[in-house]
Amino acid sequence: MTGSRIHGFHRLPLAERRRTLGAALGLPAAELAGLAADAPSAELADSMIENAVGTFALPFGVALNFRVNTRDVVIPLVVEEPSVVAAASAAALLARAGGGFTAEADRGAMIGQIQLVDVADGLAAVERLWHARREILAAACALTPGLCRRGCGPRDVEVRLLRTPSDAAMVVVHVLVDTGDAMGANAVNSLVEGLAPLVEEIGPGRACLRILSNLADRRLARASVRIPVDALARGGLAGAEVAARIVEGYELAAVDPYRAATHNKGVMNGIDAVALATGNDWRAIEAGAHAYACRGGAYHPLTRWVVVDGRLIGSIELPMAVSTVGPLVQAHPCVGIALRILGTSSARELAAIMAAVGLASNLAALRALVTDGIQAGHMALHARAVSHAAGARGAAAEELRHQLVVGGDVKLERAREIVRADPRYISGRGLTRV
């Protein structure tokens, strides 16, 4: 592999990008050619969801320049929003000035919940279930022989007493399960359903909900970066000034949930895009991340930024329950390609990389916000989609994009006016009259 620094990559024609990427990663051209196909097929889609009638494709791109734990990594991203790929790549280049990202993920465990209701004496039920933890854990191991053979499986049992809004007692049993390289939803859900009768008997009580929790706070991922402030200079501003402004921007998110929500949305831009590319449940990851942001009783940013000894130091921690195994990896050609582009088959390494991508996305957003503003770069990229929607293709589309950006009016109606007025944009090859 030649590394994640591929100069001029964005200027290459699409087919040439695939060839160049394959050469850089040592992947056969035929393998990456799968990205050009319509995948998944309608037949595969029919096996994935009910009532399938077709497929809906999203752009599959790669973020460059990433170095995570001293290893160069090319990041596959599936996303429709302009600037996400460019922003992550730009932030990763800044991070290289400080050696790149350091990241890790816990082996951790998923949490399966069994809700016990109709409990006559909550404290007594908690005590009985607490003393029966070994029995429950043994039963859990018996229900998950496959996980246990792989060195994974149930690890612990916890018991909690809660009160309903009407002040009735409710007991919740947590079963902590190491699911290895799987996200583990199906395994955990099957386990707690199988354990429910035993828990009902011990309580005693009636098992209501039996399902995993997406607040996977026993399966955390972390990343950090240390960037010399001089590397952050932008738009005539010294690097030290940009770094100070980034910290000021972070501090608003630290005290204001209105800003924190948007701050964390920027974090998830990159994380969700990797999750989609690798066939992971981005909705579960989002739910866990936002719940974790509220763990102190108020909504807070997932990242933290400070300046120490001439370096901007950023860090992130969030739940990251991801998978690198399962039917989708085998069935969906793009998921397998994404994992090979990343060069990993470990869920823990994938989780760590995703945390680094989230930190990079946040850095890019903050740096843009405190300097030129977010719209300059975003609208320049958005203009491509506007040009295409107006009917321009190829070189004409790029010329129209440039004209829209220079004119400062990146709107579809303006693009259509230009196309109507200038016959150069109308051709028989891929262009349509609007």
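Modeller: In helix 11, the residues Ala284, Ile285, Glu286, Gly288, Ala289, Tyr292 and Ala293 are buried. Please keep in mind throughout that this is a predicted model.

Biologist: What makes a residue such as Ala284 count as buried?

Modeller: The word is used for a residue with under 20% relative accessible area, and Ala284 is one of those in helix 11 that are buried. Among the elements that cover the buried residues of this helix are strand 8 (220–228), helix 10 (257–277), strand 10 (311–319) and helix 14 (347–369).

Biologist: Why is Trp282 called partly exposed?

Modeller: Trp282 is also found in helix 11, but its relative accessibility is 33%. Buried requires under 20% and exposed requires over 50%, so a value of 33% puts Trp282 in between, as partly exposed.

Biologist: Which residues does Trp282 touch, if those up to four places away in sequence are not counted?

Modeller: Trp282 touches Asp272, Ala275 and Leu276, where touching means that heavy atoms come within 4.5 Å. As for Tyr250, 32 residues from Trp282 along the chain, the C-alpha atoms of the two are separated by 24 Å.

Biologist: How do you know that the span of helix 11 agrees with what a helix should have?

Modeller: Helix 11 (residues 282–293) has twelve residues, and at 1.5 Å a residue they should span 16 Å. The expected span is 1.5 Å times one less than the number of residues, and because the end C-alpha atoms are 16 Å apart, the two values agree.

Biologist: What makes the approach of Asp281 to Arg283 a polar contact?

Modeller: At the start of helix 11, a side-chain oxygen of Asp281 comes to within 3.1 Å of the backbone nitrogen of Arg283. The cut-off for such a pair of N or O atoms is 3.5 Å, so this oxygen and nitrogen meet the distance that the term asks for.

Biologist: What is the order of the strands in the open sheet?

Modeller: The open sheet has four strands in the order 5-6-4-7, and the pairing is antiparallel. Its edge strands are strand 5 (153–163) and strand 7 (206–213), each of which pairs on one side only. From one strand to the next, the twist averages 20°.

Biologist: How do you know that strand 5 and strand 6 are paired?

Modeller: Pairing asks for at least two bridges, and ten bridges join strand 5 to strand 6 (residues 169–178), so the two strands are paired, and they run antiparallel. One of the positions to look at is Glu158, whose bridge partner in strand 6 is His174. Helix 6 (residues 133–143) packs on the sheet, touching strand 5 and strand 6, and its direction makes about 130° with that of strand 5.

Biologist: How many bridges does strand 4 form with strand 6, and how many with strand 7?

Modeller: Strand 4 pairs with strand 6 over seven bridges in the antiparallel sense, and six bridges join strand 4 to strand 7, again antiparallel. Leu116 stands opposite Val171 in strand 6, while the bridge partner of Ile114 in strand 7 is Arg210.

Biologist: Why is strand 4 described as mostly covered?

Modeller: Strand 4 (residues 110–117) has eight residues, and seven of them are buried, each being therefore under the 20% limit.

**A hairpin and some backbone angles**

Biologist: What makes strand 9 and strand 10 a pair, and what lies in the turn of their hairpin?

Modeller: Six bridges join strand 9 (residues 303–308) to strand 10, and the two run antiparallel; Arg304, for example, has Ser315 as its bridge partner in strand 10. The hairpin has two residues between the strands, and Asp309 in the turn has a positive phi of about 50°.

Biologist: Where is Asn69, and why is it called partly exposed?

Modeller: Asn69 is placed in the loop between strand 1 (60–68) and strand 2 (71–78). Its relative accessibility is 37%, which lies between the limits of 20% and 50%, so Asn69 counts as partly exposed. Asn69 also has a positive phi of about 55°, although it is not a glycine.

Terms used:
Residues numbered from 1 in each chain as written. Predicted model: local features only at pLDDT ≥ 70, side-chain atom pairs only at ≥ 80, totals over all residues. Heavy atoms only, no water. Axes fitted to C-alpha atoms, helices over the stretch in contact; angles between N-to-C directions. Buried < 20%, exposed > 50% of the residue type's maximum accessible area, 1.4 Å probe, protein only. Polar contact = N/O pair within 3.5 Å; in protein donor to acceptor, adjacent residues only side chain to side chain.
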